[in-house]
Amino acid sequence: MGVFRGFIRQPAALLGALFLLLLTVLALAAPWLTHSSPWEMNTQPMLAPFQDRAHWLGSDLLGRDLGSGLLYGARVSLAVGALASLATLLVGLLVGALAGYFGGWLDGVLMRVAEFFQIIPQLVLAVILVAVLEPSLGTIVLAIALVAWPAVARLVRSEFLSLRQREFVQAAQVLGQSPLGIITEQILPNALAPLLVVMTFVMATAILTEAALAFLGLGDPEAMSWGYMINASRGLLRDAWWMSFLPGLAIVLCVLAVNRVGEGLRVAFEPGRSQ
Amino acid sequence: MNGALYLGGRLLKALLMVVAVLVLSFLLIHLAPGDPALLLAGEAGVDDVQFIEQLRQSMGLDKPLLQQLLIYLGHVAQMDLGYSYRNQTAVWSLIAERLPATLALMGSAFVLSSVLGVSLGVLAAQARQRRHWLDGLISHGALLLYAMPPFWLAMLMILLFSVSLDWLPAFGMETVGQDFSWLDRLQHLLLPCLSLSVLFLALYIHLTRAAVLDALGQEYVRTAHAKGLHPRRVLYVHVLRNALLPVVTFAGLQLGQLASGALLVEVVYSWPGIGRLMYDALAQRDYGVLMGGFLVISILVVGFNVLTDVICRFLDPRIGAGGQG
Amino acid sequence: MTVLSVEHLRIALPPGADRSHALYDLSLQLSRGECLCVVGESGSGKSMLAKALLRQLPPPLTVESGRLVFRDEDLATHSESAMRQLRGRDISMVFQEPMSALNPLLRVGEQIDETLRAHGQTSSRSRRQRVVDLLGYVGLPDPERLRLAYPFELSGGQRQRVVIAMALAFDPALLIADEPTSALDVTTQAQILDLLRKIQQDKGMALLFITHDFAVVEAIADRVLVLQKGHVVEQGSAGQVLREPQAAYTRQLLAAVAAQPLAPRTAVDGAVVLRAEQLSKVFSTRAGWWARRTTRALDAVALQLRAGETLGIVGESGSGKSTLGRCLVRLLRADSGKIQWLGQDVAGLPEGRLRPLRSEVQMIFQDPFASLNPRQTVGRIIMTGLLVQGRSRADAERRARELLELVGLPATAFERYPHEFSGGQRQRIGIARALAVEPKVLIADECVSALDALIQVQILELLESLQRRLKLSIVFITHDLRVAARLCDRIAVMQNGRVVEQGETARLFADARHPYTRALLQCVPATAALELDQL
C-alpha cells in the first residue's frame with residue numbers, strides 16, 4: 001500500500017496512468033462510441049478535422065473516419081502492448097530464473113543466446129518472422145516476444161544472482177526454507193520492482209514495434225492500426241498532414257504515458273520512500 | 001599476449017554468432033508453412049516450374065534437414081545468396097549494389113547521434129549537479145524523442161524542412177537527371193541522417209547523463225579535486241574517460257537497432273539502400289531478397305559489435321585481464 | 001610553529017538533517033611535526049572538518065562562522081584558484097578507500113604524475129624521476145615497474161601507499177588523513193601507520209588524523225580531540241586523554257574498546273555440541289581463458305565447541321574464517337572432512353535430510369543492512385523460521401513478540417519495516433530471527449564489525465546475557481582480537497585457511513606461541529590489553 005501512495009504522489013506518473021486507463025476504457029467502448037467500422041468508407045474523403053459533426057477528426061484518403069480509426073487503433077496498440085509484454089515476461093522470467101538460480105554452464109549458454117538476440121537487428125527479424133508466418137495478431141505478438149525477451153531475462157538473472165548472495169536469503173536457507181519458498185518469499189518480492197520497470201520499457205517498445213510493423217504493411221489485416229494509418233496517408237503529407245500526424249501523436253502519448261508509469265513505479269518502490 | 005588472446009576470443013565469438021545468424025535464417029525459411037522452394041521463388045517465380053525444380057535441386061530439399069543446412073552454409077560461404085526471379089539477378093549483386101547507400105546512412109547517423117548525444121548528456125549531467133534548468137530541458141526533450149516512432153518523425157521532418165520551408169530534398173539519394181555532385185548527395189543525405197539520428201540521440205543522452213552522474217559521484221573524482229587538479233582536467237580525464245565505458249558498450253549493442261531504424265527511414269525517404277530493397281521485396285513477396293538482406297545486415301552488425309568489444313578492452317584494462325571490471 | 005589553527009568553526013547542515021550543525025564551535029591548533037587525532041563515531045562530524053579545510057564541503061553544507069588559518073593566512077581570503085594551488089601541494093589528503101580513491105583506468109604512476117604537472121612541474125623527465133622516488137620512499141618494491149601498474153593489480157596496502165605517495169608529492173606542510181587504514185587488515189594497518197610516523201619525523205609534517213579506532217590513536221597520536229555529534233567533548237595530549245579521560249563520553253568510548261571480558265569466565269565442561277575435523281575447502285575461479293586460479297580457503301581445520309562455551313575465530317581477510325563459518329552452518333559444502341551437530345554427522349547429508357536438523361545451528365550475519373528482507377515486516381522476518389517448521393501462524397506470532405522483548409526491541413517493532421531501524425537495532429532483529437527456532441549453537445559471523453564502538457558493546461552484552469539465559473553455545477567469528485577477548489572463553493587464530501593457534505583467551509593474551517598471533521596482539525592497544533593482565 002505504501003507503494004501505491006508513493007506512486008500517486010508523482011504527478012507525471014499519475015497522469016500517465018490515468019491516460020492509459022482512459023484510453024483503455026475508450027478503446028473497449030469503441031463500438032458504442034463510433035457507429036461506423038474504421039474500414040467503412042462512409043464519408044467524403046480528405047475531410048479536415050472539426051468540419052463535420054459526425055466525423056470531427058476528419059477522414060482519410062478513402063473516406064474512412066479518422067476518429068474511429070484512432071479508437072480501434074488504440075485497441076490494437078494496447079492489446080499488442082499487453083499481450084506481447086506478457087509473453088516476453090513469461091519467456092524472460094523462465095530463462096532468467098534458470099540461468100540465475102542454477103548458474104554454471106546453463107547460465108553461460110542461455111546468456112550467449114540472449115546476447116545473440118540482442119545484437120541482431122530486432123525489427124528486421126520481426127519483419128521476417130511476421131512476413132514468413134503471415135501477419136496476424138498472434139504472429140506479431142510472437143515476433144515481438146522473440147526479440148524482446150533478452151532484456152527481461154538479463155534483468156531477472158542479475159536480480160537472482162545478486163539476491164541469491166544477499167544475506168537475508170542465506171538466513172532463510174539456514175532457517176531451513178525450501179528453494180521454492182525462498183524464491184517466492186525472499187527473491188521475487190525484491191526482484192519485482194526492477195522487473196515492473198523493465199516491463200514498462202518492454203511495453204513501450206512493443207507499441208513502437210507494432211506500429212513499425214503495421215507501417216511496413218505487416219500489421220493484422222483485419223485490425224486498423226495507428227501504424228497503418230500513418231502509412232496510408234504518407235503520400236498526402238503535403239495536402240492533408242493531419243492524417244499522418246494524429247495517429248503518430250497517439251503513439252507518442254501512449255509511449256510517454258507508459259514510460260512515466262514505469263518511472264513512477266521505480267521511484268515508488270525505493271525502500272524508505274513508501275512511508 | 002593478453003590482448004592477442006582477448007582479440008582471438010572475440011573473433012571466435014563473432015564467428016559463432018555469424019554461424020548462429022545463418023542457422024537462424026535457415027530455420028526461418030523452413031519455418032514457413034508450405035514449400036520452401038516456392039517461398040524463395042517468390043510471387044513472381046511461382047509459375048516457372050523449371051525454375052522451381054532447379055531451386056529444389058540446389059537446396060537439396062529431398063535430403064535430410066541437417067544436410068540441407070550444410071548445403072545452405074556452403075552456398076553462403078561462396079557468396080551465393082540465391083536468385084531473385086523478380087529482378088532476374090543474383091540476390092547478392094542486388095544487395096551489394098545497395099550496401100554503400102545504407103552504410104552511408106547508418107555511418108553518418110551513428111556519428112551524429114553519438115557525438116551530439118554524448119555532448120548533450122555531459123551538459124545535462126553537469127547542469128544537474130548545479131541544479132540548473134538545462135538538465136530538465138535536455139532530459140525531457142530526450143524522452144519526447146524516444147517516444148516518437150522513427151518513421152513518423154521522419155515524415156514530420158519532411159513536412160517541416162522539405163514541404164514548408166523547402167530547404168532540403170526528401171526523396172532518394174540524388175536529384176534525378178543531374179550529374180553527380182557531392183553537394184547534391186550531401187543535401188539528400190541530411191534529412192534521412194537527421195531522422196535516423198534522433199532516436200539514438202535520445203538514448204545516448206540518457207545513457208551518458210547517467211554514466212557521467214555516476215562517475216561524478218565516485219571517490220576518485222573527489223581525490224582528483226583534492227589534489228588540486230584543474231576542473232577541466234578532472235572532467236576529461238577522470239569523469240569522461242570512465243563514463244565513456246558503458247556508453248561504448250551500449251553503442252555496440254545498439255547497432256542492430258540502428259539497422260532497424262535505417263530500414264524505416266529508407267522507406268520514408270525512398271533512400272536506395274538495403275532497407276528499401278527489403279521493403280520492396282516484402283511487397284513483391286520476394287523472400288529470397290528478404291532473407292539475403294537480413295543475413296547481410298546481421299553479419300555486418302555482428303562484425304561491428306566485435307569492433308566495439310575490442311575498443312572497450314582498449315579503454316578498460318580490467319577487461320579480459322582477470323581483474324574485476 | 002603553528003601550521004594550522006581552527007577557530008570556532010561552525011558548519012551548518014541543511015534543514016531536515018538530524019541536527020542543526022555538523023560541527024558546533026570546533027577549535028584546534030596543530031604545530032609542525034605534530035600529529036593530532038580527531039576521534040569520533042560515525043556521524044560525529046569529523047569528516048566534515050577535513051572537507052572544510054580543503055574547501056570541499058558538499059554543496060548544501062556551508063561554513064557558517066569561524067576561521068581556518070593555515071600558515072598564518074586566513075583560508076577564507078583565498079580565491080578558488082589559490083585554493084587549488086594549495087590543494088595537493090601544501091595541504092594534502094589521504095582518503096579511506098584506496099581502491100576508490102584511485103582512478104581504475106589510469107596507471108598508478110600517471111596519477112601521481114598529473115599532480116606534479118598540475119602544480120607546475122613541466123619537465124617530464126624530472127617528473128618521472130620524482131614519481132619513482134616517491135614510490136620508493138613509501139616502501140613500494142620495484143618502483144620503475146610499479147608506476148606502470150593499474151590499481152586493480154595492486155593489493156589494498158600497496159594502493160594506500162600509492163595514495164600516500166601522491167599526497168607527498170610536494171612535501172606538504174599539512175597532511176589530512178581521513179580513516180586511511182580502516183579498510184585495511186590489522187597487520188597492513190600497522191605498516192601504514194609506521195610509514196606515516198616515519199614521514200612525519202623525516203619531513204616535520206603536521207598530520208591531522210581522523211579515526212574512530214583507539215588502537216590507531218595509541219600508535220600515532222601526539223594529541224587527541226574527541227568529537228560527539230558535532231561537539232568537542234575533550235581535547236589534550238594523547239597520554240592524558242587515553243589514561244585519564246575527563247569527559248564521560250571519552251570514558252565510555254575507552255571502556256567500549258577495552259579487551260576486558262564482559263563477565264567473569266566460568267569453567268566450561270559440558271558435552272561437545274559442535275565438532276569439525278579435517279575440514280577442507282578449495283575455491284577455483286576462472287582466470288582468463290583456460291587458467292583456473294585455486295584458493296585453499298580451508299586446510300584441514302579441526303575444532304570443537306562445548307555446551308555453554310563461546311569460541312572465538314579470529315583472522316584477517318583471506319584467513320578463511322568466513323568460509324569456516326559458512327561450512328559449519330552448511331551454507332557451503334566442504335570438500336572433505338567431518339562436521340557434527342550435537343553428535344550427528346552433517347557434512348555429507350543431502351539438503352532434504354538436513355533441513356529438519358537445521359534448527360539446531362543458526363547464524364547471525366555481518367551486514368545489518370543486507371541481512372533483513374526489506375520487503376517484509378520485522379514480525380514476519382522473525383516468524384520465518386517458525387513458519388518453515390510448520391508452526392501455526394498464531395503460535396509463531398506469539399513467539400515472535402516474546403523474542404522482540406527478549407532482544408530489547410519495542411513491541412511496536414512488529415509491524416514496522418527494517419529500514420526504519422538503526423544498524424544496532426537491526427542486528428537485534430537478526431538475533432531474534434535466529435533464536436526463534438531455539439538453536440543450541442549460534443554462529444556469529446562478524447556480527448558487530450559494521451557497528452560503532454558503543455553499539456558494539458550493547459550487542460555483545462546482549463549476546464552474553466542471552467547465552468546465559470538460554471544456555472547457548474556460540475562460535476564468534478571476527479577480525480578483531482580485542483572484541484573476541486570480550487566475549488570468548490577460547491580463541492582460535494586462523495591464517496591462510498589453517499588454525500595456527502588456539503587456547504583459552506587469557507593464556508593467549510599473556511603467552512602467545514605462534515608468531516602470527518603475536519603479530520596480531522601487537523595491534524591491540526596497550527591500554528586495552530592492560531585490563532586483561534589483571535585477570
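Guide: A term before we start: helices (H or I, at least four residues) and strands (E, at least two) are DSSP runs, numbered from the N terminus. Also, this is a predicted model.

Visitor: Fine. Where is C:Glu446 found, then?
Guide: C:Glu446 is in the loop between E17 and helix H17 (453-470) of chain C.

Visitor: What is its phi near?
Guide: Phi of C:Glu446 is near 50°. That is a positive value, and the residue is not glycine.

Visitor: Which class does C:Glu446 count as, buried, partly exposed or exposed?
Guide: Partly exposed, because C:Glu446 has 19 C-beta neighbours inside 10 Å. The cut-off for buried is 20 or more.

Visitor: What about C:Asp25, where does that sit?
Guide: C:Asp25 is in strand E2 (residues 21-31) of chain C. Its phi is positive too, near 55°. C:Asp25 counts as partly exposed, with 14 C-beta neighbours inside 10 Å.

Visitor: New topic: the open sheet in chain C. What is the strand order?
Guide: E16-E17-E18-E13-E19-E20, six strands with mixed pairing. Strand E16 (361-364) and strand E20 (498-504) of chain C are at the edges. Each has a single partner strand, so one side of each lacks a neighbour in the sheet. The twist from one strand to the next averages 20°.

Visitor: How many bridges join E13 to E19 in chain C?
Guide: Four, and the two strands run parallel. E13 covers residues 310-314 of chain C and E19 covers residues 490-495. As for C:Gly312, its bridge partner in E19(C) is C:Ile491.

Visitor: Which strands does helix H12 of chain C lie across?
Guide: H12 (residues 321-328) lies across E13, E17, E18 and E19 of chain C. It runs at about 150° to E18(C).

Visitor: And H20 of chain C, what does that lie across?
Guide: Helix H20 (residues 515-522) lies across E19 and E20 of chain C. Its angle to E19(C) is about 105°.

Visitor: Last one, the chains. How many residues of chain A are in contact with chain C?
Guide: 17 residues of chain A, in contact with 21 residues of chain C. On the chain A side, helix H8 (167-174) and helix H9 (179-215) are the elements that give two or more residues. H8(A) gives the most, with seven residues.

Visitor: What is the make-up of that chain A side by class?
Guide: Seven nonpolar, eight polar and two charged residues on the side of chain A that touches chain C.

Key. Residues numbered from 1 in each chain as written. Chains lettered and ligands numbered in written order. Predicted model: local features only at pLDDT ≥ 70, side-chain atom pairs only at ≥ 80, totals over all residues. Contact = placed C-beta atoms within 7 Å. Nonpolar A, V, L, I, M, F, W, Y, C, P; charged D, E, K, R; others polar. Pairing = 2+ DSSP bridges. Axes fitted to C-alpha atoms, helices over the stretch in contact; angles between N-to-C directions. Buried ≥ 20, exposed ≤ 12 C-beta atoms within 10 Å, placed from the backbone.
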